[in-house]
Amino acid sequence: MSSGSEDDKPLAKVNGHASASTISMAEDRAMDAADSKVHMAPVGVSIRNGPVDQDRMDIDSPVNGQAKRKSRASIDQSINYKDESSDDEAPLAKRSKIQHKQPDSDSDDEPIAKKNGARLPPSAKNTDMDVDSDDDEPLGKIAAKKANIEKAAAKEAKIIRAGTKAKKPAAKKAVQDESSDDEPLAKPTKRQVNGTAAKKTNGVKKEESDSDVPIAKRAKKAPAAKPAAKPAAKAATKAAPKGKVATAKKSVKEESKDITDEDDEEEEYKWWEESAKKEDDSIKWTTLEHNGVIFPEEYQRLPKDVKLLYDGTPVELDIEAEEAATFFGFMLNSTVNVENPTFQKNFFRDFKEILDRTGGAKDKNGKTVDIKEFEKLDFSQLWAYKDAQTKAKNARSSAEKKAEKAERDKRDAPYLYCKWDGRKEKVGNPRVEIPGLFRGRGDHPKTGCIKKRVLPEQITINIGKEAKVPEPPAGHKWKAVQHDNKATWLAMWQENINGHYKYVMLAANSTVKGKADYKKFEKARELKKYIDRIRADYTKDLKSEVMADRQRATAMYLIDKFALRAGNEKDTENEAETVGCCSLKYEHVTLREPNTVIFDFLGKDSIRFYNEFTVDRQVFKNLKMFKKPPKEDGDDIFDRLTTTQLNKHLSSYMPGLTAKVFRTYNASYTMSKLLQELKVTNATVHEKVKLYNDCNRQVAILCNHKRTVGASHEQQMKKLVEQIKGLRYQKWRTKMMMLDLDPKLKKKKGAAYFELDEDLTEEWVKSHQEFLVEDQKAKINKKFDKDNEKRVADGEKPLPASELKERLKAASELEAKFKKENKTKKVEAEGKGPSVEKLEAALKKLDQRIKTLELQSADREGNKEVALGTSKINYIDPRLTVVFSAKFNVPIEKFFSKTLREKFKWAIESVGNDSTWEF
């Protein structure tokens with residue numbers, strides 16, 4: 001689908017380096033004539049894929065043991081709480097342009113990663129691609145599989161549209177917000193939804209309900225033609241039965257005090273089972289009650305003998321300045337940060353500002369100490385104090401730790417839940433961020449800046465009109481209290497580093513989050529209906545004479561085929577310059593004849609990402625054209641395209657379609673097709689889990705979702721190898737015990753049966769025996785400590801040291817036994833009433849354990865470059881995992897942790913045991 005493009009489309013006219021508005025056919029033919037005669041590599045695959053692990057910064061630490069809250073520019077598209085305009089709407093000429101140092105070589109054939117001396121990711125030949133080892137062209141096999149999946153998608157799209165036309169659906173109503181990711185989607189009418197046949201009205205399914213009112217608590221449904229809902233307070237009164245949510249103001253306020261005291265056995269709200277659909281899903285709630293936020297503890301001053309030194313002189317500081325000094329002093333172990341010049345400079349600037357505002361620093365005699373140079377500051381006493389405190393805290397008994405946790409849990413309990421339309425819902429993270437030093441991701445220009453303590457005067461509370469407003473800390477007041485039932489956040493504030501808004505939201509397993517996930521995957525399912533047209537149109541526009549259309553088509557090709565993110569404009573003075581497809585610069589793309597494109601840029605989370613893709617020849621030519629001189633480093637590749645324009649174009653195919661939907665669609669559709677190819681066998685559970693992970697890995701490869709090999713991977717693999725070797729040694733000892741009971745077995749089974757495996761050398765055996773002895777000692781000590789903790793808790797006297805000494809004799813006996821075995825080369829039978837039959841049964845169990853660990857080892861090695869968790873949680877429809885679980889009779893616990901089972905409860909219960917559900 002091509003849209004008209006004028007010459008006044010946005011341009012990057014920096015130094016006149018911009019693409020022409022049109023491309024002549026003659027220019028295209030000239031490039032065709034110059035095509036390389038070299039045989040092209042298979043199209044549409046990655047030949048070297050993954051992040052370049054270089055120059056990575058630590059990210060901000062978790063807050064109070066919880067994951068860091070992400071800032072969000074806006075929660076609801078229809079409401080703007082910040083007076084600012086989107087950079088995406090501005091002409092690209094006004095985009096911030098980064099001047100890059102010119103490389104020593106101007107060769108377009110040398111990728112940036114090589115110029116910078118970085119270690120590249122492994123090539124496809126060195127990556128487990130799940131292809132036969134005797135296949136001379138693994139890339140061709142992957143390309144063919146990818147092409148077959150795309151053909152199947154095109155065929156299925158035509159079938160879906162044909163079925164829809166045959167039923168002559170009624171005209172769709174206007175969509176309120178086409179770009180909103182939360183917009184519900186109509187699903188194919190033949191599709192079974194949530195395991196039951198979808199209800200139809202004139203051939204069209206009704207819109208999904210976003211109502212949060214439990215079915216059991218609703219009044220009878222009004223006819224479909226009834227006008228939109230009334231104001232929140234009145235709607236609550238009508239929707240709720242007497243004596244429940246919407247009663248007199250007094251009773252509601254009284255209820256809000258005891259959110260956590262509600263009966264935990266209240267009827268569960270299964271929103272996915274609702275058949276009624278709500279027309280206006282912009283109203284997120286009718287009643288909302290909560291207890292506010294948890295503030296960090298007040299700063300406690302350092303002991304008098306712990307001081308910051310300046311040029312060797314201990315200095316006295318105001319409490320605010322002293323706290324700021326501890327921010328730096330308490331993280332001296334994080335050398336990647338504290339040794340970073342930018343980190344030091346930003347901290348010192350902010351620290352000086354606090355000093356100037358609070359009266360500066362003074363020596364012990366009260367004389368002013370002028371702190372001018374960062375290099376003369378000595379934080380060693382602060383770090384020593386922090387280190388000692390940490391060690392003392394870790395050395396506490398288990399009982400002390402549990403008591404502290406219980407006290408903390410009791411204090412935090414009132415804030416962990418809210419009442420959302422009368423239902424008890426878990427709050428995600430009600431804690432206000434603690435003050436400290438901002439670390440940022442990548443080479444963030446503001447790393448080291450001081451994150452100030454957030455005060456109640458900066459926090460806006462969002463709560464129901466009838467609910468009791470939480471009390472702020474004594475002596476303080478809230479910035480504002482509002483009753484916005486179109487917003488899903490409970491509290492909001494603006495942090496001082498980048499001016500981002502931070503929000504307190506509901507937990508991942510909440511109704512509102514579950515609905516958002518459901519709609520995301522339903523939107524990806526809806527894309528099945530249009531994918532063939534979209535691909536056909538952008539393929540056609542790859543040769544468009546209009547530059548803007550050709551750039552848009554090329555970007556769509558890259559986003560669809562290689563899962564590139566669309567990218568948004570960044571404030572490069574205040575944020576790390578991470579980019580996506582639409583914001584790629586000249587230096588981020590290297591072209592290698594005949595059809596290889598090398599991407600090297602700072603991607604999401606400031607991870608430097610390096611990819612070598614084989615592309616269609618026309619795409620290669622287009623990129624070559626987009627880099628045509630006089631363009632140079634700093635100039636935009638897609639200078640006539642913005643993310644906003646791209647998403648607007650996509651929404652013309654399907655309401656609410658944006659570039660990021662393609663990642664979810666491609667991952668889910670690919671997984672669906674791979675799972676359909678699997679046949680049910682009598683394999684073990686571990687083998688079935690590996691089968692699922694193999695499919696997940698293929699999704700990552702086909703959709704180009706890869707990651708850097710984790711720093712701990714090699715260590716984990718070594719540990720697994722040692723575990724397997726340990727079991728094989730145990731297996732050998734068991735055989736030798738059989739021989740001890742019946743020496744004739746050596747002749748019956750052959751001497752080779754009783755030989756020790758070659759890789760279990762004498763040196764390794766002794767080392768392993770030492771490990772077993774030390775491991776037994778550690779277990780005995782741990783058990784002794786636990787027994788004593790229990791006795792103390794029960795008011796009994798602790799066990800004497802002599803008891804521990806007696807218990808440790810077992811480890812000494814084991815050590816003596818190993819020495820005897822090494823000397824005699826014989827192993828005496830162990831256990832009560834040992835027999836050959838019992839030992840043979842033990843061997844079978846050992847074989848099974850070895851096989852399980854070998855499967856885990858192969859699985860982990862194969863997944864070392866694939867973020868299976870990321871794809872499984874974010875991109876693959878969870879209902880597909882549930883279908884696999886049902887079809888192959890594998891417990892869902894093998895795929896989803898408890899947290900994920902709560903998050904995806906809607907998927908687990910809606911599919912149930914229906915193994916026929918399809919994406």
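Buried residues make up 46% of the 919 residues in the protein; buried means under 20% relative accessible area, with a 1.4 Å probe and protein chains only. This is a predicted model: local features need pLDDT of at least 70, side-chain atom pairs count only at pLDDT 80 or more, and totals for chains, interfaces and linings use all residues. Residues are numbered from 1 along each chain as its sequence is written, and side-chain values use heavy atoms, leaving out hydrogens and water.

**Overall build**
- The protein has 27 helices and 20 strands. These are DSSP runs, numbered from the N terminus: helices are H or I with at least four residues, strands E with at least two.

**Helix α14**
- Helix α14 spans residues 617–626. Nine of its 10 residues are buried, so the rest of the structure largely encloses α14.
- Among the buried residues of α14 are Arg617, Val619, Phe620 and Lys621.
- Aspartate 616 caps the N-terminal end of α14. One of its side-chain oxygens lies 2.9 Å from the backbone nitrogen of glutamine 618.

**Helices α18 and α20**
- Two packed helices are described by the angle between their axes and the distance between the axes.
- Helix α18 (residues 713–741) and helix α20 (residues 762–793) pack at about 95°, with axes 11 Å apart. Axes are lines fitted to C-alpha atoms over the stretch in contact, and angles run from 0 to 180 degrees between N-to-C directions.
- α18 and α20 are therefore roughly perpendicular to each other, a term for angles of 65 to 115 degrees.
- On the α18 side, Glu722, Lys725, Gly726 and Tyr729 make the contact, meaning heavy atoms within 4.5 Å. From α20 come Trp764, Val765, His768 and Gln769.

Methods. Angles under 35 degrees count as roughly parallel, over 145 as roughly antiparallel, 65 to 115 as roughly perpendicular and the rest as oblique. Buried means under 20% relative accessible area, exposed over 50%, partly exposed in between (1.4 Å probe, protein chains only). A polar contact is a pair of N or O atoms within 3.5 Å; within protein, one must be able to donate a hydrogen and the other to accept it, and residues adjacent in sequence count only if both atoms are side-chain atoms.
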